[in-house]
Structure formats: C-alpha cells, structure tokens
Amino acid sequence: MLERGEVKRELSKFGRNVQVSARTNLIGRNATKKLANSIDFEVEVFPNSFSFEMFMEDYGEYLDKGVSGTETKYNTKYSYKNKMPPTSAFDKWSVIRGLAGRDDKGRFLSREGLKYALALNKFKHGQKPTLFFTRAFEQHFSELPDKIIEAYGLDVENLMETTLKTD
C-alpha cells in the first residue's frame, strides 16, 4: 500500500516537472510571460484518493490545442466561425514584438489598423497547435512511478482531461 506522503511527494514532483517543461516549451511564444507565470498545480491526498489540478490562463488551452481558422484547418475542437478574436488581444503583444505594419504604399499603419490586421489573420488562419502543455504532461506522466498509476488506475488522457483547470 502506498503511503499518503509518498503519493503527495510523487504527484508534487510530477506537477513541478510539468510546470517547468510547459514554461520552457513557451519560450519564444509568450511575449508577456503572463501565460507562463500562470501555470501552477495543486495536490491533495485523501485516504483512498487524491486530487491533482493544473491551472493556467484560459487562452493557454487554445494555444496548446490550436484553433482552426476560416481558411486554415487544424485537428482541434476549437475554431473561429463568425467572430474574430478581439483586437485588444494583440495590443501588448504587437508592442513587445516591435511590430509596425505598413500598407501597400509603404506607409505605417495605425496601431488600430495593425491590431485589426493581426486579428483578421488569426481569424482566417487560426492558431497552429503548439502542444506546449500536452507534450510536457505526457512526458512526465510516463515518469510517474508505476505503483501510483496502478493503484489509482490512471491513464494519461483521463488524468489530463480532469486536471487542467483554466483561470
């Protein structure tokens, strides 16, 4: 029989490893660091069960799983149909990335025009799945001790579905 302290220690180690790997996978993709800093976990162990939850910003799931656009399709359950993403989502991002759009004549676009162009592009072409979280989770799940997996009848898909909570 597994000791409660042993289960909590192993699950905490698993959570930290997933957290670090997911943050590492975001390098170069997370300009504001808001998503990377939001990745966290919580472990509770009870006599006959445990609770394990991972948290991140809502948009993290869309970045991980991807979103199909109106013209470019990906193998994901998320898609843009008739509503573009808000232009405000590209405000800080475009400034941090140092983007300054130009029109056909070489003139600078207004900041609003640039944000609109970015939102329209995302609406048409979607977000390619990055799997920044999925890869980290699956990698470290395979490293969980077999006795924990067997004792609780865990499999990676069910655990991932029930543990990911978005803020």
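Reader: How many aromatic pairs does a search of the whole structure find?

Author: Rings of Phe, Tyr and Trp (its six-membered ring) pair if their centres lie within 6.5 Å; planes under 30 degrees apart count as stacked, over 60 as edge-to-face and the rest as tilted. Here the search finds 6 aromatic pairs. One of them, Tyr62 with Tyr78, is edge-to-face, at 4.7 Å centre to centre and 75 degrees between the planes. The model is predicted: local features need pLDDT of at least 70, side-chain atom pairs count only at pLDDT 80 or more, and totals for chains, interfaces and linings use all residues. Residues are numbered from 1 along each chain as its sequence is written, and side-chain values use heavy atoms, with hydrogens and water left out.

Reader: Is Tyr78 buried or exposed?

Author: Buried means under 20% relative accessible area, exposed over 50%, and partly exposed in between (1.4 Å probe, protein chains only). Tyr78 has 17% and is therefore buried, whereas Tyr62, at 40%, counts as partly exposed.

Reader: Why is the pair of Tyr80 and Phe123 tilted?

Author: The ring planes lie at 55 degrees, with the centres 6.1 Å apart, so the pair is tilted. Phe123 is buried, at 14% relative accessible area.

Reader: Which polar atoms lie 2.9 Å and 3.3 Å from the side chain of Thr76?

Author: A polar contact is a pair of N or O atoms within 3.5 Å; within protein, one must be able to donate a hydrogen and the other to accept it, and residues adjacent in sequence count only if both atoms are side-chain atoms. For a polar atom of the Thr76 side chain, the backbone oxygen of Gly66 lies at 2.9 Å and the backbone nitrogen of Tyr78 at 3.3 Å.
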